[in-house]
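Open the model in a viewer and keep the selection panel at hand. The tour below goes from one interface to the next and ends at a sheet.

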Amino acid sequence: MKNENLYNYILGIADNSLILGQRLGELTGHGPNLETDIACTNISLDLFGQVRSYFQYASKIAGDGRSEDDIAMLRKERDYKNVLLVEQPNTNFAYTIARQFLFDAYHLVFLRELQKSSDLTLAAIANKCIKEVSYHERFSSDWVRRLGDGTEESKSKMQEAIADLWVYTDELFHQTEADKAMVAEGIGIDVIKLKEEYYNYVAGVLEESTLEVPDIKYFQKGGKQGIHTEHLGYILVELQYMQRAYPNMEW
Amino acid sequence: MSEDQIKNLEAQFEARIERDEKIEPKDWMPEKYRKTHIRQISQHAHSEIVGMLPEGNWITRAPSLRRKVALLAKVQDEAGHGLYLYSACETLGVSRDELYEQLHTGKAKYSSIFNYPALTWADMGAIGWLVDGAAIINQVPLCNTSFGPYARAMIRVCKEESFHQRQGFEIMLKLANGTPEQKEMAQDALNRWWWPSLMMLGPTDDKSVHTAQSMKWKLKRKTNDELRQQFIDQTVPQADVLGLTIPDPDLKWNKDRKSYDFGAIDWEEFLQVVKGHGPMNKERMKARVGAWERGKWVRDAAMAYAEKKQARKEKQAV
Amino acid sequence: MSTKNWPLWEIFVRSKNGLEHRHFGSLHATDADMALENARDVYTRRNEGVSIWVVESKHITASNPENSGELFEPAQDKVYRHPTFYDVPDEVKHM
């Protein structure tokens, strides 16, 4: 592939939305009440919309006849490049919200920079997505505040979720080979530069929520290299089920 | 109020409906009208949110991204429709939480069709095509029903639902024109969903207890049997377009009636499913009750947070 | 610990600039901010709005239908409030 770095770079971005959208999709019909259920599904829909834009572009770049669905559903476990954070399960609503917030806060600053990409397609996608993600971040941070500063029970659940998922935040700011190549070309974002802003912002929201910033020095990583937690396999079982069980058919 | 006065009010009330005037929540209404509406609207709302489950369970397995977003949007609409309907019901002085309580304790009913399992992807097609098709036949006349909030909710529901049936039919069409395996999947789904869809339009007229009163209040415009006939007459040609066979050996065109004759419906099965013995009754209720109970601490926390925020605001103002 | 139900809110949506806000329906939310967010997700999924108002239902004071007679019927015979009450010759245009 001529543009392999760009292709991998796009997948690195899109897989996050794909896997997170899939996780949120599990919740549809099972939310804490109708209003919240509808809101979470909206976020899932936004994310899948983003995924389609990215993969349609990736499909063009790959130029080997693979469609957006082939790219989304027919890769092997190790070829998914999403960060570990987004594949973590909906253990309870605090985990869903913590995962969402910790990702949204990153996603928002990331897209803000991606709008400046010299790749006009990526810049345009970022420009569209950022409006959606601004809303996601507003939704998830509001819920962090509600659960953090709600009842004793919700506070302890929220604190636990933040503490458990914190170990996956550092990976957001790891550079891959594709990242480095794309940064050099002015297409990609130097995520390392976003790190300080991210942690400052997140700490601010946690403080408002009367939650503690976890004191953790050792972080998990690997998603960006395709080395995932055990959760991803099960996500793929469902995501890929139809395409694997009935290969080469149209739906 | 004396009995005569009430009779007089009731007569005026019926006359208003007869003149096609709408009844609004604060208007005087006979107790039976209120109760019937709470029952029917909440049953309708429950059907929407229980109906999210069989389709919701295929969201993560949808075969393409296009299908996935369509299904997500459809199931989300069902949550929205449940919400509109619960709101309409709340104008009659009963809270959504009370209505949930009735659902969760088995006091309230919901459409029996959702007690059948969604086993293959083709079921997403069959549900959209047949179940939504039957639902639309039931719902369109309700846009003009006598109780204002219900009619308004139904207008919104019908407008939004117009894509649901097409979404289902498109899935079926793609399968029917696909590989033999796909076509077989579509036929199998039609076989399993056809009869429950016919039952969905309610017991036969001679067994239906509510029809006469419902007609008067414009909760119904046609009888169950008429609706069923309408559904069959419009669906059979659609099955022909798909090249699929309706699983009824007795189905045939009746020239004189200009309608299809059809075979006997297994009402014993219907009765058993209504009574709670369908394949999925227990699972569906478990899922609903589970979500509600797991959500309790979340709802409580949000409420507690709002109260704290309000208290802080008031303190600042002092 | 609070076990109160989320209060009910009435939702008004302006579908485009130039039009008034119209009552769209209701929903549950813990406060005004959440009511706005929920309204956005519930009532403007299909691009139905450019502006939303939310009012907690309990703050709405409604007229009582029992008083409809005294409230509204007196206006029925005030025909002089309508242009058709006044006689103007046919040849007078644009009035």
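How many residues of chain B are in contact with chain C, and how many of chain C with chain B? Select both chains: 23 residues of chain B are in contact with 24 residues of chain C, contact meaning heavy atoms within 4.5 Å.

Two conventions apply throughout. Residues are numbered from 1 along each chain as its sequence is written, and chains are lettered from A and ligands numbered from 1 in the order in which they are written. This is a predicted model, in which local features need pLDDT of at least 70, side-chain atom pairs count only at pLDDT 80 or more, and totals for chains, interfaces and linings use all residues; side-chain values use heavy atoms, with hydrogens and water left out.

**Chain B against chain C**

Chain B and chain C bury about 2,000 Å² between them, 49% of it on carbon and sulfur atoms; buried area is the accessible area (1.4 Å probe) that two parts lose on being put together, summed over both. Now pick Lys26(B), Arg156(B) and Met303(B), which lose the most area to chain C and together make up 26% of what that side buries.

Next, show Glu307(B) and Lys4(C), whose side chains meet in a salt bridge at 2.7 Å, N to O. The term covers a side-chain nitrogen of Lys or Arg within 4 Å of a carboxyl oxygen of Asp or Glu, and the count between chain B and chain C is 7. Colour helix H12 (296–317) of chain B: H12(B) gives the largest share of the side that touches chain C, 8 residues. Helices (H or I, at least four residues) and strands (E, at least two) are DSSP runs, numbered from the N terminus.

**Chain A against chain B**

Switch to chains A and B, where 48 residues of chain A are in contact with 49 residues of chain B. The area buried between them is about 4,100 Å², of which carbon and sulfur atoms give 68%. The rule finds 4 salt bridges across this interface. To see one of them, select Lys308(B) and Asp149(A), with the closest N and O atoms 3.1 Å apart.

**The sheet in chain C**

Strand E1 (residues 8–14) of chain C is joined to E3(C) by 6 bridges. Select Trp9(C) to find Glu56(C) of E3(C) opposite.

Terms used
Two strands pair if DSSP finds at least two bridges between them.
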